[in-house]
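Please take a moment to look over the sequence and the structure shown below. The paragraphs that follow walk through a few of the contacts between charged side chains and then turn to one helix.

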Amino acid sequence: AYERRFPTCPLIPMFVASDTVNEYKSEDEAIHVIERRCKLDIDAPRLLKKIAGVDYVYFVQKNSLNRRERTLHIEAYNETFSNRVIINEHCCYTVHPDNEDWTCFEQSASLDIKSFFGFESTVEKIAMKQYTSNIKKGKEIIEYYLKQLEEEGITFVPRWTPPVACKLESSTSHTRRPVSPAINIPDSATKEGLNNKEILNTSGSPSEPTAGTPDDKLDADYIKRYLGDLTPMQESCLIRLRQWLQETHKGKIPKDEHILRFLRARDFNIDKAREILCQSLTWRKQHQVDYILDTWNPPQVLQDYYAGGWHHHDKDGRPLYVLRLGQMDTKGLVRALGEEALLRYVLSINEEGLRRCEENTKVFGRPISSWTCLVDLEGLNMRHLWRPGVKALLRIIEVVEANYPETLGRLLILRAPRVFPVLWTLVSPFIDDNTRKKFLIYAGNDYQGPGGLLDYIDKEIIPDFLGGECMCEVPEGGLVPKSLYRTAEELENEDIKLWTETIYQSASVFKGAPHEVLIQIVDASSVITWDFDVCKGDIVFNIFHSKRAPQPPKKDSLGAHSITSPGGNNVQLIDKVWQLGRDYSMVESPLICKEGESVQGSHVTRWPGFYILQWKFHSMPACATTNLPRVDDVLASLQVSSHKCKVMYYTEVIGSEDFRGSMTSLESSHSGFSQLSAATTSSSQSHSSSMISR
């Protein structure tokens with residue numbers, strides 16, 4: 001059945017063809033070894049294939065059948081790029097030692113990427129994707145050919161016997177050894193035999209999709225276990241949006257359940273969901289929100305006076321967050337900490353909520369993607385309507401709505417006083433309609449009656465301050481001492497420090513006014529690295545070299561060399577009288593980058609001097625055969641409200657001795673990228689002068 005997949009197999013689309021390069025059969029026909037050269041069409045980005053200069057990759061597969069031992073060993077290794085990437089795979093079919101009617105299957109593989117034009121992380125993901133897909137389809141393919149054999153009338157294969165023994169038996173009693181019945185492969189045996197011991201998955205990113213999930217359809221058990229009920233249309237939207245992210249975004253990709261939140265927030269309109277998701281990913285990257293739980297410790301003032309905390313779960317298994325807003329001194333917290341510190345604390349609460357949702361999904365065995373919030377308003381008064389406090393609250397709501405959609409499963413507002421309608425009038429316009437539908441508001445002690453708290457929370461975990469028996473460890477709040485208040489100047493400096501704790505800078509790119517960054521290189525063979533996101537519009541990325549330093553940009557923000565805008569700065573360094581080829585030279589081919597793309601790359605410098613990284617406005621090419629604009633050009637120009645692009649970037653210079661070959665393997669202790677991506681396997685120093693990965 002296994003041999004029937006050669007020379008090609010329609011069940012494996014990427015398996016194009018194979019040729020036999022070597023074959024051996026023992027005289028007694030017990031051993032049969034066949035070696036083939038297999039041609040594969042790997043599902044890889046077109047850009048990667050173009051840079052690598054290949055359309056197909058070749059593997060050598062050696063199959064060793066031992067009829068005496070009743071084993072089949074399959075070994076495979078890559079022939080293409082074997083000096084850069086080493087892939088070894090071993091599979092083995094054997095007879096179960098306790099039940100000879102069972103066939104055991106074991107599979108293991110190893111992957112070692114030494115260097116691959118700066119695309120090490122991409123190649124690793126492609127290899128893992130193909131490998132997990134093959135594991136899932138392996139049993140399906142073997143069963144397909146077993147069934148095919150049965151339809152042809154072949155239900156068993158006689159067991160091998162030594163030739164001499166056969167002659168003796170035929171000359172005496174003509175007896176034969178009993179024939180083994182048709183091989184049966186039970187599910188349990190297959191699962192027990194599967195042993196992926198040496199798979200190297202160094203990306204380690206929690207944002208990657210579940211391994212083994214096909215691209216064209218999600219597994220029904222996976223949907224039921226982690227995502228909930230999805231219509232075929234919704235499932236298709238999820239797959240398409242996830243695939244788009246994998247193709248355009250370098251680095252951390254959100255999990256399926258988080259992508260699904262953005263789709264649900266926009267009623268599964270892919271374009272709208274993609275827009276807000278891209279904005280959120282850029283925001284998370286810029287402010288390093290992924291690391292907030294590990295790197296940021298809330299000030300002691302928050303720990304003492306912020307009257308909120310996690311408290312068990314509701315009847316649906318959702319994590320329960322209790323907020324005693326009426327007991328909280330919002331004015332004192334804002335005066336003591338500032339708006340940004342409060343916002344960051346709320347973000348850490350939301351990140352903890354996402355983590356608890358994942359934990360509860362595992363505990364309860366069903367998808368839990370949101371949490372319940374219980375807000376106690378007893379004590380709410382006009383002090384809570386202090387204008388700066390309300391402003392901070394609105395800012396927090398705005399940020400949370402934009403970056404944590406569909407995470408609030410239910411909001412229970414208890415003991416709402418008379419002043420509450422005033423606060424609700426101020427806040428409600430900033431809350432999404434879908435979110436508002438999840439609000440349940442109870443005045444006085446109404447929450448104790450029918451349709452109240454007991455419908456949503458078990459009696460055993462109702463907090464003591466609401467008449468329950470469960471001790472709640474949420475801080476009681478209280479007035480923040482005025483001795484902890486800080487001046488407006490101190491708060492402003494602290495706010496700036498909080499939200500500029502990022503390695504990235506923002507820049508605006510205008511038509512006719514590119515943004516340029518100067519990097520001075522003293523030692524040749526240094527490595528210039530970059531990481532940037534195209535937040536708006538399409539740009540062209542260039543790298544130039546000059547032996548002399550350009551003139552510093554003018555201080556005038558409206559001058560020809562420097563434009564400052566709220567969305568980022570714009571600096572031009574290349575003088576208009578400079579000529580390309582005389583005063584400066586291009587060291588990289590121009591790279592066109594589309595809106596929403598993330599680009600990481602590196603350049604190994606050949607000469608000392610001054611290098612200029614340039615982000616330039618990308619104009620649509622005009623039709624070559626006519627002066628009239630094309631319809632596509634007109635439509636594209638209408639989609640851009642102004643001739644302006646935005647990029648968020650980071651650059652760094654690393655010594656060649658610290659360079660490991662790709663952005664995902666920069667292990668320099670001075671590298672700001674060390675927090676952004678996990679290191680790949682050990683890589684030898686690259687001999688390429690330039691590497692760009694997208």
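**Salt bridges and a covered helix**

When the whole structure is searched, 28 salt bridges are found. The model you are looking at is a predicted one, and the distances and accessibilities below are computed from its atoms.

Begin with the salt bridge in which the side chains of Glu100 and Arg70 meet, at 3.8 Å from N to O. Glu100 belongs to the loop between strand S5 (85–95) and strand S6 (103–113), while Arg70 belongs to the loop between strand S3 (57–66) and strand S4 (71–78), so this pair ties together parts that are 30 residues apart in sequence. Because its relative accessibility is 45%, Glu100 counts as partly exposed, and Arg70, with a relative accessibility of 28%, counts as partly exposed as well.

A second pair lies within a single helix. The side chains of Glu352 and Arg355 form a salt bridge with an N to O distance of 2.3 Å, and since these residues are 3 apart in helix H12 (residues 339–364), about one helical turn separates them. Is Glu352 buried or partly exposed? Its relative accessibility is 14%, and buried means under 20%, so Glu352 counts as buried. Arg355, by contrast, has a relative accessible area of 35% and is partly exposed.

The next salt bridge brings together the side chains of Arg415 and Asp376, at 2.8 Å from N to O. Arg415 and Asp376 are both buried.

Finally, turn to helix H11, which spans residues 330–337 and is mostly covered. How many of the 8 residues of H11 are buried? The count is 6 of 8, and the buried residues are Thr330, Gly332, Leu333, Val334, Ala336 and Leu337. Just after the end of H11 comes Gly338, which takes a positive phi of about 95°. If you follow the numbering onward from there, you come to helix H12 (residues 339–364), the helix that holds Glu352 and Arg355.

Definitions and conventions: Residues numbered from 1 in each chain as written. Predicted model: local features only at pLDDT ≥ 70, side-chain atom pairs only at ≥ 80, totals over all residues. Heavy atoms only, no water. Buried < 20%, exposed > 50% of the residue type's maximum accessible area, 1.4 Å probe, protein only. Helix = DSSP H or I, 4+ residues; strand = E, 2+ residues; numbered from the N terminus. Salt bridge = Lys/Arg side-chain N within 4 Å of Asp/Glu carboxyl O.
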